[in-house]
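Here is a short briefing on one protein chain. Look over the sequence and the structure first, then read the notes by topic.

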Amino acid sequence: MSDVFASPRTSALFGVFLGLAIALVILITMSLRAYFRRQAARRREQEELDQEIRMVQHQGTLLAAAISHCQSQLTPAEIEQLPRYLFSHADSKPDLVAVGYETSSTCGICLCDYSENDMVVNLPCMHAFHDQCITPWLSASDKCPFCSAAVKLVASNENNA
Ligand SMILES: [Zn+2]
Ligand SMILES: [Zn+2]
């Protein structure tokens with residue numbers, strides 16, 4: 001028996017098998033390493049993606065906060081400071097026409113014609129509205145409902161000038 005295993009042919013065959021087995025083990029090890037490396041790379045990519053998503057979400061939150069800050073409203077005192085006058089059909093308001101105020105006889109919010117002695121408010125953007133129409137609007141937004149010009153900004157600039 002020992003002669004059979006010790007024979008050169010058997011030794012050569014055993015050598016070939018051993019070589020094949022070693023090659024197989026190396027191949028498996030290499031593909032396993034490649035697989036784990038790919039998994040790790042995928043995990044890293046996922047983590048980077050998660051981080052980017054978190055960053056975008058954070059920026060979105062900041063942007064939403066900035067937008068909500070932009071969409072601020074006027075205080076009752078600020079609304080009170082806006083120039084207003086009693087509408088009169090007899091009065092042509094030459095001074096208001098001269099500075100470019102809206103001379104339309106219709107309120108841009110309720111679309112009704114001004115009646116005699118209606119209280120009309122002039123915005124810095126030269127648009128005019130009923131007092132009772134523009135006051136609730138400016139309590140919710142600091143922009144002209146007609147042209148979106150910032151009422152607060154223009155008003156404070158005028159105060160500084
Ligand atoms: Zn109105
Ligand atoms: Zn306007």
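Helices here are DSSP runs of H or I with at least four residues, and strands are runs of E with at least two. The model is predicted. By that assignment the chain has 6 helices and 3 strands.

**Overall fold**
- Along the sequence, the elements come in the order α-α-α-β-α-β-β-α-α.
- The chain has 161 residues, and buried residues make up 10% of them.
- Take the contacts between residues at least 6 apart in sequence: 56% of these join residues at least 24 apart.

**The annotated span**
- An unreviewed UniProt entry places a "transmembrane region" at residues 12-36.
- In the model, residues 12-36 are 100% helix and 0% strand.
- The end C-alpha atoms of this span lie 36 Å apart.

**M126**
- M126 is not a glycine, yet it has a positive phi of about 80°.
- M126 sits in the loop between β2 (119-122) and β3 (128-130).
- Burial would take 20 or more, and exposure 12 or fewer.

**S148**
- S148 also has a positive phi, of about 70°, and is not a glycine.
- Its place is the loop between α5 (131-138) and α6 (151-160).
- S148 is exposed, because 10 other C-beta atoms lie within 10 Å.

Methods. Residues numbered from 1 in each chain as written. Chains lettered and ligands numbered in written order. Predicted model: local features only at pLDDT ≥ 70, side-chain atom pairs only at ≥ 80, totals over all residues. UniProt positions renumbered as here; feature names shortened; annotations may be inferred. Contact = placed C-beta atoms within 7 Å.
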